[in-house]
Amino acid sequence: MPNLLIVDDEPLIRMSIRALGDWDSCGFRIVGEASNGLEALEWLSDSPDIDIVLADVNMPKMNGIELLGEIKNRRPDLVVLMLSGFKDYEFVREAFRLGARDYVLKSNMNFEALVAQLGSFMKEKQRLEPANPSESSTLVPDKSKALEKLLFGVLKGDVTQTVQELGLRIKARNLAVALLCIDDFRMLQDKFDPVILMNIVDSSHQLINQKLNEFKLGECLALSQDRYALILHFPDAHGESALLQQRAMFFQQLQSAFARMLNLSVTIGVSSFKQDFGALHSLYQQALKFADLKLLYGKGSLITENEARQMEVISDFTIFGREKKLLQAIERMDEGAVKAELQLIMKDIIRSRPTGSSNVHGLYYELLYLIFTFLRDKGFGTDDTIGQRNAFHALNRMDTIHEINGYIEQLLLKHMSDMKTYNEGTSSKIKKAIDYIRAHYAEEITLRSLSEHLQLSENHLSRMFTKETGESFISCLTRTRIQKAKELLKQSDLPIGEISEAIGYANQEHFSRVFKKVEGQSPSAYRN
């Protein structure tokens, strides 16, 4: 029974592969997992009986391509199958060069197909060994795989012959690639159960194919549940004007059909035209780049080379220096000025002609960093690392620049509202007490030391603290320490004993008891 090693930095992906089906009954044994290439090499050194490596191409420390290079030198007999995302085409191209047998798109993993693929590779290995493993990459198992390889630029042999043999509805004349993205797909995932969502996905795929058949234009490949690549050709169009007119008509009708029949908005990035199959890889890259401009053009856009050309001028635009009036408005608690300044910043970003979502997100990361730093320095906010990380994560999930700007506006307005409530409902002495706890939680703080610092009696401070905050002094101190402990447990590799000392508990056992009482689990369980 062949032994299989799974290599992927995402635990959920590794778990999903294990849960795809009954591997043992299909003749394969999963013997281990690794989260990066370095861990995989340790496995291969300790376990010479591993036959198959299923490896992600894009990982930290040592990625799949680097791992493949090491395997080629150390264990050239191994069957290596690469896992990839739809944007990993450059990795895939390099993987084939280094001898990978094939690749699987993570979004399209199918247990039966994967088992059949691995089984055929093992039989081929036994029959042809020690033949060059890269030779098998010329095999094309099905139509979808051929389309993937065409887009990734890794289809070997006579491409025209393969296209004809598989009956693909494309010709090497006026070729273009489009990337269609279903807008607000995360909202659909939250709103509908998996069965209804799958019906939406299936209906979307069918609708695209229906329109392609109606216009006799080409093929569709599902890259994920919300993204589809369309390989198009316009063989009957003569002249650029006719070509552009046919293209516009098709996509207008396609977007209209999605809105009318499925009540969905779709954004489409469309490449320019080429005259040979070898150009499909570059056209695919172009379509990805254009679709990425949805961040600026908004949902429901059709983004062609004309729209993309307007963003070609790259400036050295930076947020630094433009945030001053915004920060002044925050300090004054002026909600109207905060909204106005954010709108001006957004307009400046659009005028700077950023080249895609990564540039826009980068500029807003700068803005968030400046805001958080300002709030901390002014004493308006705490050093809430987790809250800041959540804000950056939320920002990264936004689809358009208007959503990003709106999110930051709501974040600031909520913070200002909380600060007003805090200012109105808490006396200056208790504010100082809370600020002192937040600044000195790692030290040995007692109610006595705090009362001496504030020049109040212990009893009076205790009564005031509970009355105005709704919790006791010790409860506030414990909550602050445990929150810091949670941050360190998740964000560092420090031993639990060192974390205990860092937050003010000299005794690790006492810290563990307090942590379990507050969080319902031990520090080690929380970390894992």
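Two strands pair if DSSP finds at least two bridges between them. The model is predicted. This briefing covers an open sheet, the helices on it, and contacts made by aromatic rings.

**The sheet**

- The open sheet is built from 5 strands, in the order β2-β1-β3-β4-β5.
- Its pairing is parallel.
- The edges are β2 (29-34) and β5 (102-105). Each of these edge strands pairs on one side only.
- On average, neighbouring strands are turned by 20° against each other, direction ignored.

- Helix α1 (residues 11-18) lies across β1 (3-7), β2, β3 (52-56) and β4. Helix α1 runs at about 180° to β2.
- Helix α3 (residues 64-74) also packs on the sheet, where it touches β1, β3 and β4. The directions of α3 and β4 make an angle of about 175°.

**Aromatic pairs**

- The whole structure holds 9 aromatic pairs.
- One of them is Phe215 with Phe250. The ring centres are 5.2 Å apart and the planes stand at 75°, so this pair is edge-to-face. Planes over 60 degrees apart count as edge-to-face.
- Phe215 belongs to helix α9 (residues 194-215) and Phe250 to helix α10 (residues 240-262). The pair links distant parts of the chain, 35 residues apart.
- Phe215 is partly exposed, at 22% relative accessible area. Phe250 is buried, at 0% relative accessibility.
- Phe234 and Phe273 form an edge-to-face pair, with 5.8 Å from centre to centre and 85° between the planes.
- Phe234 lies in the loop between β8 (227-233) and α10, while Phe273 lies in the loop between β9 (266-270) and α11 (280-291). The pair therefore ties together parts that are 39 residues apart in sequence.
- Phe234 and Phe273 are both buried.

**An aromatic cluster and two charges**

- Tyr505, Phe511, Phe515 and Tyr526 make up one aromatic cluster.
- Which charged end sits over the ring of Tyr505? That of Arg481 does, 5.1 Å from the ring centre.
- Over the ring of Tyr526 sits the charged end of Lys490, 4.9 Å from the ring centre.

Technical notes:
Residues are numbered from 1 along each chain as its sequence is written. This is a predicted model: local features need pLDDT of at least 70, side-chain atom pairs count only at pLDDT 80 or more; totals for chains, interfaces and linings use all residues. Side-chain values use heavy atoms; hydrogens and water are left out. Rings of Phe, Tyr and Trp (its six-membered ring) pair if their centres lie within 6.5 Å; planes under 30 degrees apart count as stacked, over 60 as edge-to-face and the rest as tilted. Helices (H or I, at least four residues) and strands (E, at least two) are DSSP runs, numbered from the N terminus. Buried means under 20% relative accessible area, exposed over 50%, partly exposed in between (1.4 Å probe, protein chains only). A charge sits over a ring if NZ of Lys or CZ of Arg is within 6 Å of the ring centre and within 35 degrees of the ring normal. Axes are lines fitted to C-alpha atoms, for helices over the stretch in contact, and angles run from 0 to 180 degrees between N-to-C directions. Contact means heavy atoms within 4.5 Å.
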